[in-house]
Amino acid sequence: MYTVKCLNPISKQGLDLFTSEFEVIDDLNAADAVLVRSAKMHGLEIPKSLLAVARAGAGVNNIPLDEYAEKGITVFNTPGANANGVKELVVAGLLLASRDIIGGYNWVKENAKMEDLPKAIESQKKAYAGNELKGKSIGVIGLGAIGVLVANICNRLGMKVYGYDPYVSVRSAWSLSRMVNHSSSLDEIFTKCDYITLHVPCTDSTKGMIGKEAIFKMKDGVNILNFARGELVDDQAILAGLATQKVKHYVTDFPNNEVAGAESVITIPHLGASTEESEDNCAEMAVEQLMNYLENGNIVNSVNYPNCNLGDLEAEARITVHHKNLPNMIGQLTAILAGEDYNIVNMLNKSKGDWAYSMLDVEKKPSKEIIQKMKEIDGVVRVRVL
Ligand SMILES: NC(=O)C1=CN([C@@H]2O[C@H](COP(=O)(O)OP(=O)(O)OC[C@H]3O[C@@H](n4cnc5c(N)ncnc54)[C@H](O)[C@@H]3O)[C@@H](O)[C@H]2O)C=CC1
Ligand SMILES: O=C(O)C(=O)COP(=O)(O)O
């Protein structure tokens, strides 16, 4: 039996996938695994028993990935599972920036009881006229699961699309419309685009990527959309840009106290992935990945350990080892088994950056001594027997 603690509400459709071998519990201290959405895990006291964290969503900046890697805790996310939800809200953001839907809506609500409202609307509506998206240029920064969908739909809306992603995956490149222009520098996006939309993860290197210098290079009247993370945009720089009307609108799914009340900031309370469909998709994927990991030791879609999949456990036992990516780790692990006359029927080792994961299927259950010897190898942080 494995225990799972949810740090955020997780869709029932996902939780229902847990078999009778799993129990969702309230006590984090008794949990083998955590399911989380945006709850901040930095500084959270976690029990030694914790084996895995599954983020039902894309962004993992709320989770201390390196610290957990050191502890042998595998962190998963659910790539692409909420991308369509975000893409659709980005389209709404583009329309909110290009047409004064909010101004018009507010005016009608405020004057709901006005005498002959239809007539007043016809004389008032000129105050809320806007522009069409067709023919305008848009720069998509980050061409991952969301960025590709946004770029493709903007192309279908008749926009001239520029995409920037120096680390674009083969999968994304295949999915991208041929009509999307490949930008090899951010400057091209900044100088050419009427709309700029951010779809990169929040990391040390992307924080503040839209700052004073970037805004200075942009076209007058640019619209900036942020459906990625608040920290990507420097608040003071955006406020200064809005004050001079260099920036026409800042559409953000991540408002904070600095920007929320400012003129021409269009705020959305982090609703990008808040659709029934995205919530179900993310939860299902997260639960399936957790079960596969806890029961079979397989790692699919981890962000701090390599993906490593030996399929369902069919041998008598499977030993999994989280370790540093150092020379001779496999030699040491297999030498311990060979020394005790254990036959390895299948094995796999993968690495990702500083970390690696080894799976060894053996013909008989390993003794406590074998496991202890493996744990004592320098660089090994966790050994499990399944
Ligand atoms: N508003 C919301 O509710 C949601 C927000 N997000 C945010 O959107 C981000 C992106 O999500 P996905 O597209 O699903 O992730 P993804 O991992 O599929 O795509 C991210 C892309 O950004 C690229 N990238 C990384 N650093 C870059 C840089 N410096 N310049 C240009 N490109 C760079 C990567 O190569 C990758 O292709 C997430 O990390 C999260 O912060 C994601 C889902 C929902
Ligand atoms: O997946 C992401 O990165 C998101 O930002 C969605 O967050 P949420 O699951 O809606 O709290």
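The model is predicted: local features need pLDDT of at least 70, side-chain atom pairs count only at pLDDT 80 or more, and totals for chains, interfaces and linings use all residues. Residues are numbered from 1 along each chain as its sequence is written, while chains are lettered from A and ligands numbered from 1 in the order in which they are written. The protein chain has 13 helices and 16 strands, where helices (H or I, at least four residues) and strands (E, at least two) are DSSP runs numbered from the N terminus.

**Overall layout**

- Along the principal axes, the C-alpha atoms of the protein chain fill a box of roughly 90 × 45 × 35 Å.
- The protein chain is divided into domain 1 (1-81 + 276-305), domain 2 (83-267) and domain 3 (309-386); these bounds come from an automatic or database domain assignment.
- The centres of domain 2 and domain 3, taken over C-alpha atoms, are separated by 49 Å.
- Of the 386 residues in the protein chain, 39% are buried. A residue is buried if 20 or more other C-beta atoms lie within 10 Å of its own, exposed if 12 or fewer, and partly exposed in between, with C-beta atoms placed from the backbone.
- Among contacts between residues at least 6 apart in sequence, 63% join residues at least 24 apart. Two residues are in contact if their C-beta atoms, placed from the backbone, lie within 7 Å.

- UniProt, in an unreviewed entry, places the feature "domain: ACT" at residues 318-386. UniProt positions are given in the numbering used here, feature names are shortened, and annotations may be inferred rather than shown by experiment.
- The span 318-386 is 28% helix and 43% strand, and its end C-alpha atoms lie 5 Å apart.
- An open sheet of 4 strands has the order 14-15-13-16, with antiparallel pairing. Two strands pair if DSSP finds at least two bridges between them.
- Strand 14 (344-352) and strand 16 (380-385) stand at the edges with a single partner strand each, so one side of each has no neighbour in the sheet.
- Neighbouring strands of this sheet are turned by 10° against each other on average, direction ignored. Axes are lines fitted to C-alpha atoms, for helices over the stretch in contact, and angles run from 0 to 180 degrees between N-to-C directions.
- Strand 13 (residues 317-324) and strand 15 (residues 355-362) run antiparallel and are joined by 8 bridges. Histidine 322 stands opposite tyrosine 357 in strand 15.
- Helix 12 (residues 329-339) packs on the sheet and touches strand 13, strand 14 and strand 15. The direction of helix 12 makes about 25° with that of strand 15.
- Helix 13 (residues 368-375) also packs on the sheet, touching strand 13 and strand 16. The direction of helix 13 makes about 160° with that of strand 16.

- Ile238, Gly241 and Leu242 are the buried residues of helix 10 (residues 235-243). They cover an arc of only 100° around the axis, which puts them on the same side of helix 10; the arc is that of the directions from the helix axis to the C-beta atoms.
- Exposed residues Gln236 and Ala243 are carried on the face of helix 10 turned away from its buried side.
- Helix 9 (212-217), strand 10 (222-226), strand 11 (247-252) and strand 12 (265-267) pack against the buried residues of helix 10.
- Strand 11 has 5 of its 6 residues buried, so it is largely enclosed by the rest of the structure.
- Strand 10 and strand 11 run parallel and are joined by 5 bridges. Leucine 225 has valine 251 in strand 11 as its bridge partner.

**Two buried loop residues**

- Isoleucine 210 lies in the loop between strand 9 (195-198) and helix 9. Isoleucine 210 is buried, with 24 other C-beta atoms within 10 Å.
- Leaving aside neighbours within four places in sequence, isoleucine 210 is in contact with Ile215, Ile224, Leu232, Val233 and Asp234.
- Aspartate 194 is in the loop between helix 8 (186-192) and strand 9. Aspartate 194 is buried, with 21 other C-beta atoms within 10 Å.
- Not counting residues up to four places away in sequence, aspartate 194 touches residues including Lys136, Ser137 and Ile138.
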